[in-house]
Amino acid sequence: MTITANPVATATPVGTVSASTVDITPSFLTTAHGGIVTRTRQDDLSAVPAAIRSEWIKLRSLRSNRAIFAFTVVAGIVMSFVLATFVKTDPYDHQPFTAAGSFMVSSWLTLAMAVIAGILHFTSEVQHGTLANSVAAQPARWVLVAAKTTVLAGLGLAMGAAGMIAGYASAMASGMDIGDTSGIAATIGWTLVLTTLGAMLGVGVGMIIRHSSAAVSAALVWMFVVENLIRSTAPASVARFLPFSAANGLLNIRSAGDTAATLAARLSRTQDAFLFAGITTAVIAIGTVLLYRRDAD
Amino acid sequence: MITVSHLTKRYGHRVAVSGMTFDVAAGRVTGFVGPNGAGKSTTMRMMVGLTRPDHGDVRYHGVSYTRLQHPTRVVGSVLDAGAMHPGRTAREHLHSMAALSSIPARRVDEVLHEVGLDTAAGQRAGGFSLGMRQRLALAGALLGQPDVLLLDEPSNGLDPDGIRWLRNSLSEFANQGGTVFVSSHLIGELAMFADDLVVVGGGKLLAAEPVAATLARGETTVVVRTPDAADLVVLLDRHGITVSIDGDRLTAKGTTLTAVAQIAFDHRIQVVEITEASRSLEEILLDMTGASAEFVAA
């Protein structure tokens, strides 16, 4: 067994002796003209696809991510089944649930799981020390951020689609009427936007809080407790700008904290999408600044 | 070749590293030694861009680490052998690292073979022993076929056979022109294969010199057994040699066996036994760094 040093054979071998000096610059560091090769901004941009490949390998290699994805599918199946079999009618308008109107009900859970997946993708790197490996290999840390958010966006998109497909199939199999399908395309589209952004938001939250348990707890408490409290106490004109108020709007569902006033004050779906995207972008930007400022260990 | 210039890092009011300046030569193994809290790990993290120095920089062949086009193809580092996700297999771990640096996938199996982890490639890292994790970490450092290796305590967890494998591998790497910079608390082990030493304490550089120069700092001791101890003490004292006496046994410091033997012979002193002892590298380094040790046992 031999560990070899710089075995790459080139036209400029290591240890070339000239008349007066010994050139010990490794050949892979030199250009054809003998200058030292340094990184440029173009190199960083060119490195993004490789970073995405790396992040994809990290994502698909963990059983926990497969479990999260599977949970999304199961949630879709179960929630539609429960609605069709036990609940049967909407408690707000007392109309029977239809497949077209309820297939995305589990998407709120999918959103929560997408946020968690995004958080864990970053915080597990900090927890297990692999972030240091990544930063040592890629000093342009924004490249890592771009790759992580891109790969998690893909996961969020896939989770959203899988959850809705499972929900729809389960609803139909459970005997629900298909219902009014005129709004399905818009609902599908906005839901996919939401779950895609949700996974990216999770990466940003993970970059800020860095500790798995703390980040996941903070996200869930915010989603399920804090925002409901704000929605039920703050003016509707203010509460509508909360990120998960926007999420409710995109899914066209109401939450426990929603009142007639909050529902009436809702933004349009396009506005909700821009709001959620803007908040996601801000969180990722803050996380990126912190990633640069903090030691990578 | 690594050039470290005036490297400084503070955490609040605590100065972790202060004005660290030294060179690490190619084709040699350089040991990085110092007590706990001396600033070794902080220095090594600054050397691979994980921690930003407040002042100073580190250059590899004149180029800052963060300016290298492909850093891991120049510098392979192991600063934390446990830096791997327990749920990922060895092969997946290395594949993700190779992909990030655009290193061909075939290198994964090559380095697994080099470190002797072929048969464990498909096992999850969570089930690895400490020694296996060390080997996997070293495999990651070798992926890019670097000409510089930076290793922080690479012997931790290795059995004697593993330590010997590592020692031989690093020596061979240096013999082929590579640069090896390795920190270790196993001074005796380091002494067997290090060519140069960088000694730090309290965040400051104490010495950067060949191992031979460090060993020369140690005082030689000559122990003599003689029935004429009192007479020999007087003679050695006349020659300016410090002597302590314990029955028929004399201990002379700062001299050589040849010198003491010659004095005894010249004055017809009977010598029953005479031995020379040099201070170990560990003892010398403990003396050098003792005042700057952050954590001292009672």
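Reader: Let me start with one residue: how many other C-beta atoms lie within 10 Å of B:His61?

Author: There are 19 of them, so B:His61 is partly exposed. A residue is buried with 20 or more other C-beta atoms within 10 Å of its own, exposed with 12 or fewer, and partly exposed in between, the C-beta atoms being placed from the backbone. Before we go on, this is a predicted model: local features need pLDDT of at least 70 and side-chain atom pairs count only at pLDDT 80 or more, while totals for chains, interfaces and linings use all residues. Residues are numbered from 1 along each chain as its sequence is written, and chains are lettered from A and ligands numbered from 1 in the order in which they are written.

Reader: Where does B:His61 lie, and what is its phi?

Author: B:His61 lies in the loop between strand E4 (55-60) and E5 of chain B. Its phi is positive, about 50°, although B:His61 is not a glycine. Helices (H or I, at least four residues) and strands (E, at least two) are DSSP runs, numbered from the N terminus. B:Gln145 also has a positive phi, near 50°, and is a residue other than glycine. B:Gln145 lies in the loop between H5 and E7 of chain B, and it counts as buried because 22 C-beta neighbours are inside 10 Å.

Reader: How do I read a sheet, and what is the strand order of the open one in chain B?

Author: The general idea is that strands of a sheet pair through backbone hydrogen bonds, either parallel or antiparallel. Here, two strands pair if DSSP finds at least two bridges between them. The open sheet has 4 strands in the order E2-E1-E4-E5 (chain B), with antiparallel pairing. Strand E2 (14-24) and strand E5 (63-64) of chain B are its edge strands, each pairing on one side only. Look at strand E1 (residues 2-11) of chain B: E1 and E2(B) share 7 bridges in the antiparallel sense, and B:Ile2 has B:Val24 in E2(B) as its bridge partner.

Reader: And which way do the residues of strand E6 of chain B point?

Author: In a regular strand the side chains alternate between the two faces of the sheet. In strand E6 (residues 75-78) of chain B, B:Val75 and B:Ser77 point one way, B:Gly76 and B:Val78 point the other way, and all are buried. E6(B) pairs in the parallel sense with strand E7 (residues 148-152) of chain B over 4 bridges. In E7(B), B:Leu151 stands opposite B:Val78.

Reader: Over to chain A: how many helices and strands does it have?

Author: Chain A has 12 helices and 2 strands. Of its 297 residues, 43% are buried.

Reader: How should I describe two helices that pack, and at what angle do H4(A) and H7(A) cross?

Author: Two packed helices are described by the angle between their axes and the distance between the axes. The axes are lines fitted to C-alpha atoms, for helices over the stretch in contact, and angles run from 0 to 180 degrees between N-to-C directions. Helix H4 (residues 107-128) and helix H7 (residues 184-209) of chain A cross at roughly 30°, with axes that come within 6 Å. The contact of H4(A) with H7(A) has 14 nonpolar, 10 polar and no charged residues. Ala, Val, Leu, Ile, Met, Phe, Trp, Tyr, Cys and Pro count as nonpolar, Asp, Glu, Lys and Arg as charged, and the others, Gly among them, as polar.

Reader: What about H10(A) and H12(A)?

Author: Helix H10 (residues 243-251) and helix H12 (residues 269-293) of chain A cross at roughly 140°, and their axes come within 8 Å. This crossing is left-handed. The residues of their contact divide into 8 nonpolar, 1 polar and 2 charged.

Reader: Last one: how many residues of chain B are in contact with chain A?

Author: 47 residues of chain B are in contact with 45 residues of chain A, where contact puts the C-beta atoms, placed from the backbone, within 7 Å. H3(B) gives the most to the side of chain B that touches chain A, with 6 residues. That side divides into 16 nonpolar, 22 polar and 9 charged residues.

Note on methods
Contact = placed C-beta atoms within 7 Å. Left-handed = near helix turned anticlockwise from the far one by under 90°.
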